[in-house]
Amino acid sequence: MASIYPATTQPDARQSAGLLSSIRRNMPLSVGLGILWLVAMVLVAIFADRIRPYGITQMDLTSRLSPPGMLKHLLGTDELGRDVLSRLIQSIRLSLVIAFGATLLSAVFGTALGFAAAQFRGFVEHLVLALADFQAALPFLIISLAVLAFFGSSMVLLVCLMGFYGWERYARIARGLAISAGAQGYAASVVQLGATPARVYLRHILPNVASTLIVSMTLTFPEIILMESGLSFLGLGVQPPATSLGNMVGFGREYLTRAPWIMLAPATVIMFTTLSISLVGDWLRDRLDPTVR
Amino acid sequence: MIRFVLVRVMRAVITILAVMTFAFVVLRMSGDPAEVMLGPDVPQNVIEAFRKSWGLDQPLWIQYLAYLKSIFTGDFGVSMRDKAPALQLVLERVPATLQLTVPALILKLLIGIPAGVYAALHRQSFADRGVILLAILGFTIPSFVMGLVLVLIFSVTLGVLPSGGQETWLHGILPTLTMSVGGVGILARFSRSAMIEVMGQPYIRTASAKGLKWRDVVWGHALPNAAVPIVTIVGFMVGSLIAGAVVVESIFSWPGIGRLLIVSVSNRDLAVVQCILLIVAGTMVVSNLAVDLLYGWLDPRLRSPASH
């Protein structure tokens, strides 16, 4: 019957044998690979301008649609002879920047609303919950389609729109956690000491609930990448001449039969990136999040 | 119980109202439909006449009231493009979309839940790891990549299945497969974690300690308790039966709601977009409501006023 109670409920008391070896012992191989891939992606995004062999709009009309594997163009070229590798590197940067910005926006926005609901209760709380219901009632893709197509697509609008993705989860989590934190002694005691609500929430409650929120961020991040690439794929996200992973897949689709590598390269990157974040996020959740189990 | 139902119904109604307002605000504030429909070279008096005939010359709040009134009387407006009633245009497309989404939903349920439950009952086994890996893969592959890869394999390379259109049932295979992959992964993962959580509860230990057969413990005690979180996800999937196929329809040129939405959005066909938004939100809200009520039935603890 011992197997019924998962071992994870036991606190790790024997973690004293050095940080590195404990990481090696506790981290599955898949998570390690995931972290490596993510680090590589971030480095690519940061140094995109340095490592890109060609400009993203630089055409080489003599070698159009050349297959991957050539020394001149490692991942081949597209229909205008633009280097797929260079465009891929630039796309990784743009997609990561959008997803990162949007994740931060939605975390801040959602957490703030959740705290506000917990602080004021009553009408504010009902309003926030009604907004969250509204967000959950319409699939995000449909909302984005309506907004983007009617206002036209621009980078700022895209990031802001993506920044609304998943805010309702942070709001619900933050509200729940803040309410239960309010019932615990530490929050009440700093209120008694005369701290302002802002101070109580930012300095005392936020650090205590941060791990759960960070885990939600790792869950939202890949979904935002998928959402952005989906919109770009449909031609409503990132607009040319800028290039993102989804928009490369979208344009590569037309050359699916003759030059599948145009589409396969960004598709592979999307897959590995979202896969890595999911693996790492799951692992983090199991370690950090006190609300599961 | 009555109070529980009333609160849920009220919230559903408020949500629908919010969606209606959102549709109105976004679509009306974003530009002048008259100029978009008629083009830039049309003389001013034609534009004025167009605005008048569509009621666009009235103040915004009068337009809003008129809009609410017409929706409550079942009038969703007329498509500015086809001059046909918007509701009719949208409803015509519903069967095509359901042809894809309903079989996909059935596939998701038939594969996802058993796989997750099996994995949970054989934790840490080879099968468990396999299910987790496939499940994560399933929902991290974007549907447009999945669709294109399937086309590449089955249409381009093997040449056994058509890559687009709606002529025969063969045309439906690839889109249905594409759509179900992600959902299978999500359901498998949710069922797995729900089952694992339930299997750790004291009542399961009690049930097996009092000598019940393992099968009775699983079917009689564990599964009903694991059903609540699974029902949430299934409810969400049922709610997105109508709207869940936008990307897939666009890949496979399937003439459903999703394609209609994209076309109407790029033509700024206000009435049709509004109608789709409302129908999509309506199905979602109704299925969420159904899930909420189902919870109350599945789990009596949630019925008590203290929990909400």
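Buried area is taken here as the accessible area, for a 1.4 Å probe, that two parts lose on being put together, summed over both. In the predicted model, this quantity amounts to about 4100 Å² between chain B and chain A, and 78% of it lies on carbon and sulfur atoms. The size of an interface is often given in this way, as the accessible area lost when the parts come together.

The interface involves 49 residues of chain B, which are in contact with 43 residues of chain A. Between chain B and chain A, one residue pair is in polar contact, with both residues at pLDDT 80 or more. The number of salt bridges between chain B and chain A is zero. On the side of chain B that touches chain A, at least two residues each are supplied by α1 (2-29), α6 (126-140), α7 (143-157), α8 (170-199), α9 (202-209), α11 (246-251), α12 (257-267) and α13 (270-298) of chain B. The largest share, nine residues, comes from α1(B). By class, the residues on this side of chain B comprise 37 nonpolar, seven polar and five charged.

Chain B itself contains 13 helices and zero strands. Its C-alpha trace spans about 85 × 60 × 25 Å along the principal axes.

Within chain B, the packing of helix α5 (residues 86-121) against α12(B) was examined. The axes of α5(B) and α12(B) lie 8 Å apart and meet at an angle of about 140°. Angles over 145 degrees would count as roughly antiparallel, and those of 65 to 115 as roughly perpendicular; α5(B) is therefore oblique to α12(B). On the α5(B) side, the contact is made by B:L89, B:V90, B:R93, B:V94 and B:T97. The residues contributed by α12(B) are B:I257, B:G258, B:R259 and B:L260. The contact of α5(B) with α12(B) has five nonpolar, two polar and two charged residues.

Side chains of opposite charge can pair when their charged atoms come close. Over all chains, the structure holds three salt bridges. One of them is formed by A:R175 with A:E125, with the closest N and O atoms 2.6 Å apart. This pair links distant parts of the chain, 50 residues apart. A:R175 is in helix α8 (residues 167-182) of chain A, whereas A:E125 is in helix α5 (residues 122-137) of chain A.

How values were computed. Residues are numbered from 1 along each chain as its sequence is written. Chains are lettered from A and ligands numbered from 1 in the order in which they are written. This is a predicted model: local features need pLDDT of at least 70, side-chain atom pairs count only at pLDDT 80 or more; totals for chains, interfaces and linings use all residues. Side-chain values use heavy atoms; hydrogens and water are left out. Contact means heavy atoms within 4.5 Å. A salt bridge is a side-chain nitrogen of Lys or Arg within 4 Å of a carboxyl oxygen of Asp or Glu. A polar contact is a pair of N or O atoms within 3.5 Å; within protein, one must be able to donate a hydrogen and the other to accept it, and residues adjacent in sequence count only if both atoms are side-chain atoms. Helices (H or I, at least four residues) and strands (E, at least two) are DSSP runs, numbered from the N terminus. Ala, Val, Leu, Ile, Met, Phe, Trp, Tyr, Cys and Pro count as nonpolar, Asp, Glu, Lys and Arg as charged, and the others, Gly among them, as polar. Axes are lines fitted to C-alpha atoms, for helices over the stretch in contact, and angles run from 0 to 180 degrees between N-to-C directions. Angles under 35 degrees count as roughly parallel, over 145 as roughly antiparallel, 65 to 115 as roughly perpendicular and the rest as oblique.
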